[in-house]
Amino acid sequence: MIVQVCIGSSCHIKGSRQVIEKMKQAIEQYHLSDEVALAGSFCTGKCNRVGVTVTVDDQIITGVTPEGFDAFFREQILSKLGK
């Protein structure tokens with residue numbers, strides 16, 4: 001699975017750095033380093049008023065916030081990996 005977190009200026013202001021840190025911690029916590037490749041991406045053109053844009057494989061998810069990260073991770077990462 002490839003997870004790309006937007007690090008463009010808009011997403012940076014909305015917390016992409018915190019989302020990346022939480023993603024790194026979650027990947028480590030769930031021992032997913034062999035299953036999840038984490039990368040940064042520049043603007044995908046899906047800027048949202050709230051939160052960061054994250055692409056999981058080919059699916060673009062908008063509005064990911066540091067506060068909502070846990071739900072995002074459960075729904076978009078763990079569930080798709082069958083965990």
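This is a predicted model: local features need pLDDT of at least 70, side-chain atom pairs count only at pLDDT 80 or more; totals for chains, interfaces and linings use all residues.
How many bridges join S1 to S3, and do these strands run parallel or antiparallel?

Residues are numbered from 1 along each chain as its sequence is written, and side-chain values use heavy atoms, with hydrogens and water left out.

**Exercise 1. Work out the order of the strands in the sheet and how they pair.**

Step 1: Helices (H or I, at least four residues) and strands (E, at least two) are DSSP runs, numbered from the N terminus. Two strands pair if DSSP finds at least two bridges between them. Strands of a sheet pair through backbone hydrogen bonds, either parallel or antiparallel.

Step 2: Go through the pairs.
- S1 and S2 run parallel and are joined by five bridges.
- S1 and S3 run antiparallel, with three bridges between them.
- S3 and S4 are antiparallel too, joined by four bridges.

Step 3: You get an open sheet of four strands in the order S2-S1-S3-S4, with mixed pairing. Strand S2 (37–41) and S4 sit at the edges with a single partner strand each, so one side of each has no neighbour in the sheet. On average, neighbouring strands of this sheet are turned by 25 degrees against each other, direction ignored.

**Exercise 2. Find the bridge partners in S3 of valine 3 and glutamine 4, then look at what surrounds S3.**

Step 1: Valine 3 has valine 56 as its bridge partner, and glutamine 4 has threonine 55. Next along, valine 5 stands opposite valine 54. On the S4 side, valine 54 stands opposite isoleucine 61.

Step 2: Check how covered S3 is. Buried means under 20% relative accessible area, exposed over 50%, and partly exposed in between (1.4 Å probe, protein chains only). Five of the five residues of S3 are buried. Val52, Val54 and Val56 point one way, while Thr53 and Thr55 point the other way.

Step 3: Zoom in on threonine 55, which is buried with a relative accessible area of 8%. Contact means heavy atoms within 4.5 Å. Not counting residues up to four places away in sequence, threonine 55 touches Ile2, Val3, Gln4, Thr44 and Ile60.

**Exercise 3. Which residues of helix H3 are buried, and what do they pack against?**

Step 1: In H3 (residues 69–78), the buried residues are Phe69, Phe72, Phe73, Gln76, Ile77 and Leu78. They span an arc of only 155 degrees around the axis, so they lie on the same side of H3. That arc is taken from the directions from the helix axis to the C-beta atoms.

Step 2: Their packing partners are strand S1 (2–6), helix H2 (16–29), strand S3 (52–56) and strand S4 (59–64).

Step 3: Now the core. A nonpolar core is a set of buried Ala, Val, Leu, Ile, Met, Phe, Trp, Tyr and Cys residues joined through side-chain atoms within 4.5 Å. The largest one has 21 residues, and Val54, Phe72, Phe73 and Ile77 have the most contacts inside it. S1, H2, S3, S4 and H3 each give two or more residues to this core.

**Exercise 4. How many disulfides does the structure hold?**

Step 1: A disulfide is a pair of cysteine sulfur atoms within 2.5 Å.

Step 2: Cysteine 6 is buried at 3% relative accessible area, and its bridge partner in S2 is serine 41.

Step 3: Cysteine 47 is partly exposed, at 48%.

Step 4: The count is zero disulfides.

Definitions and conventions. Axes are lines fitted to C-alpha atoms, for helices over the stretch in contact, and angles run from 0 to 180 degrees between N-to-C directions.
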